[in-house]
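Student: I have a chain open on my screen and would like to understand how it is put together. Could we go through it step by step?

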Amino acid sequence: MDPWTLEPTVRHDAEPTSGTEQVVEAQSAQIHDLQSKLGQLENALESHAVVDRATGVLIAVGRLSSDEAWDVLRETSMSTNIKLRHVAELVVAWGRTGHLATDIQGELSRRLNLHVTE
């Protein structure tokens, strides 16, 4: 199937089917593929937004540059073995509530202090 024209690709090794069946099968596969890609893009966009908000919290709280805040998030994620998105969610919650989850509290504090003293 050519994805640009939605024309079926002729396959000589497959059992013969009608042209309509080939088009329907190809379009169905293409729709499934596009739905999967859309879901992945939506997740990536949501993760990016959470990381951006967390970076903003760290910029405000730690008086860091954008790059420094990103480094703090990334390093905290790596050293605690917690996914970056989850660390970002915890930091955003901290910005809203003033309460920081204990699983990252010590490491985040350490990372912030390292960047502030540099």
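Predicted model: local features only at pLDDT ≥ 70, side-chain atom pairs only at ≥ 80, totals over all residues.

Student: How many helices and strands does the chain have?

Tutor: The chain has 4 helices and 0 strands. Read from the N terminus, the order of elements is α-α-α-α.

Student: And what share of the chain is buried?

Tutor: Of the 118 residues in the chain, 25% are buried.

Student: Now the helices. At what angle do H1 and H2 cross?

Tutor: Helix H1 covers residues 19-62, and its axis crosses that of H2 at roughly 110°, with the two axes coming within 9 Å. H1 is therefore roughly perpendicular to H2. The crossing is right-handed.

Student: Which residues make that contact?

Tutor: H1 contributes Val-51, Ala-54, Thr-55, Leu-58 and Ile-59, while H2 contributes Ser-66, Ala-69, Trp-70, Val-72 and Leu-73. By class, the contact of H1 with H2 holds 8 nonpolar and 2 polar residues, and no charged ones.

Student: How do H2 and H3 cross, then?

Tutor: The axes of H2 (residues 66-80) and H3 (residues 84-97) come within 9 Å and cross at roughly 120°. This crossing is right-handed. On the H2 side, the contact involves Trp-70, Leu-73, Arg-74, Thr-76, Ser-77 and Thr-80, and these meet Leu-84, Val-87, Ala-88 and Val-91 of H3. The classes here are 6 nonpolar, 3 polar and 1 charged.

Student: Changing topic: which residues touch the most other members of the largest nonpolar core?

Tutor: That core has 21 residues, and those touching the most other members are Leu-58, Leu-73, Val-91, Trp-94, Ile-104, Leu-108 and Leu-112. H1, H2, H3 and helix H4 (102-117) each give two or more residues to the core. H3 gives the most, with 6 residues.

Student: Why would nonpolar side chains be found together?

Tutor: In soluble globular proteins, nonpolar side chains tend to be buried together.

Student: What does Leu-108 touch?

Tutor: Leaving aside residues up to four places away in sequence, Leu-108 touches Leu-58, Val-72, Thr-76, Val-91, Trp-94 and Leu-100.

Student: You mentioned Thr-76 there. Is Thr-76 buried or exposed?

Tutor: Thr-76 belongs to helix H2. Its relative accessible area is 0%, so Thr-76 is buried. Apart from residues up to four places away in sequence, Thr-76 touches Val-87, Ile-104, Glu-107, Leu-108 and Arg-111.

Student: One last topic, the loops. Where is Arg-63, and what is its phi?

Tutor: Arg-63 lies in the loop between H1 and H2. Its phi is near 50°, a positive value in a residue other than glycine.

Student: Is Arg-63 buried or exposed?

Tutor: Arg-63 has a relative accessible area of 77%; residues over 50% count as exposed, so Arg-63 is exposed.

Student: And what is the phi of Asn-81?

Tutor: Asn-81 is not a glycine, yet its phi is positive, at about 60°. The residue sits in the loop between H2 and H3. With 73% relative accessibility, Asn-81 counts as exposed.

How values were computed
Residues numbered from 1 in each chain as written. Heavy atoms only, no water. Axes fitted to C-alpha atoms, helices over the stretch in contact; angles between N-to-C directions. Left-handed = near helix turned anticlockwise from the far one by under 90°. Contact = heavy atoms within 4.5 Å. Nonpolar A, V, L, I, M, F, W, Y, C, P; charged D, E, K, R; others polar. Parallel < 35°, antiparallel > 145°, perpendicular 65-115°, else oblique. Core = buried A, V, L, I, M, F, W, Y, C linked by side-chain atoms within 4.5 Å. Buried < 20%, exposed > 50% of the residue type's maximum accessible area, 1.4 Å probe, protein only.
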